[in-house]
Amino acid sequence: MTLARSLIRRRRAPLVAVAALLASLLTAPLSAQAQTAEDNRRIVREAYDAWARGENVFARLLSEDVVWTIHGSDPVAGTYVGREDFVERASVPLVSRLVAPIRPEVHRIWAEDDSVVVRFSASTTTTSGAPYHNEFVWIFTLEDGKVTRAEAFLDLAAYRTVVENNEPLD
């Protein structure tokens with residue numbers, strides 16, 4: 001072996017060790033993030049499955065101080081601070097005008113880090129007997145297994161039609 005090759009091999013060994021160390025440091029957080037993403041996806045999936053069976057999952061899924069934003073230009077659009085605020089001002093006006101609970105049909109759930117995106121639809125009947133159908137995309141940020149931030153995209157015209165054309169149940 002020549003002196004030049006011997007020097008190259010000695011210099012390469014520390015570089016290989018450094019590269020292996022960097023690779024292990026870089027992949028460890030990714031594994032933890034992937035696990036967190038999968039855990040969050042599972043939590044949301046289980047909540048939607050329970051909701052589809054007719055269970056009320058908002059108390060289980062949402063943190064008490066959740067910040068929920070409904071995007072759009074309807075009066076219900078805006079940001080709600082706290083689970084109670086969201087339920088009372090955004091959810092109750094709709095669900096009180098339905099004869100059966102909304103049951104989601106999940107089309108897809110995506111998860112990355114602490115974010116979970118759910119695309120789903122739901123149908124039911126209003127108090128006047130009219131059908132209600134909507135398509136939803138909800139984006140959640142989870143901390144410690146609870147949703148702390150949520151963004152909702154839906155057909156607000158369909159929401160408004162139900163609220164304005166149906167009497168609430170007692």
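These are my notebook entries on a few spots in this predicted model.

**Ground rules.** I number residues from 1 along each chain as its sequence is written, and my side-chain values use heavy atoms, with hydrogens and water left out. As the model is predicted, I ask for pLDDT of at least 70 for local features and 80 or more for side-chain atom pairs, while totals for chains, interfaces and linings use all residues.

**Confidence.** I looked up pLDDT (the predictor's confidence in each residue, from 0 to 100). The chain averages 87, with 80% of residues at 70 or more. Residues 21–28 stay under 50, and I found zero contacts there beyond four places in sequence (contact means heavy atoms within 4.5 Å).

N40 sits in helix α1, residues 3–52 (helices, H or I, of at least four residues and strands, E, of at least two are DSSP runs numbered from the N terminus). N40 is buried at 6% relative accessible area (buried is under 20%, exposed over 50%, partly exposed in between, with a 1.4 Å probe and protein chains only). Which residues does N40 touch, leaving aside neighbours within four places in sequence? I get D113, D114, V116 and L142. A polar atom of the N40 side chain lies 3.3 Å from the backbone oxygen of D113.

D113 itself is in the loop between β3 (103–112) and β4, and is partly exposed at 31%. Its phi is near 55°, positive in a residue other than glycine.

**D144.** Here is another non-glycine with positive phi, about 50°. D144 is in the loop between β5 and β6 and is exposed at 82%. I note that most residues other than glycine have a negative phi.

**A122.** This one is in strand β4, residues 115–125, and is buried at 4% relative accessibility. Beyond four places in sequence, A122 has contacts that include I102, P104, Y132 and F136. A122 and F136 are 14 residues apart in sequence and 8.2 Å apart C-alpha to C-alpha.

**Largest pocket.** I used a 1 Å grid over the protein atoms alone; a pocket is an open set of points where a 1.4 Å probe fits, with protein on both sides within 12 Å along at least five of seven lines, and lining residues have an atom within 4 Å of a point. The largest pocket has 30 lining residues, with W51, F58, S91, V95 and I102 nearest its centre. Which element gives the largest share of the lining? It is α3, with seven residues.

Note on methods:
A polar contact is a pair of N or O atoms within 3.5 Å; within protein, one must be able to donate a hydrogen and the other to accept it, and residues adjacent in sequence count only if both atoms are side-chain atoms.
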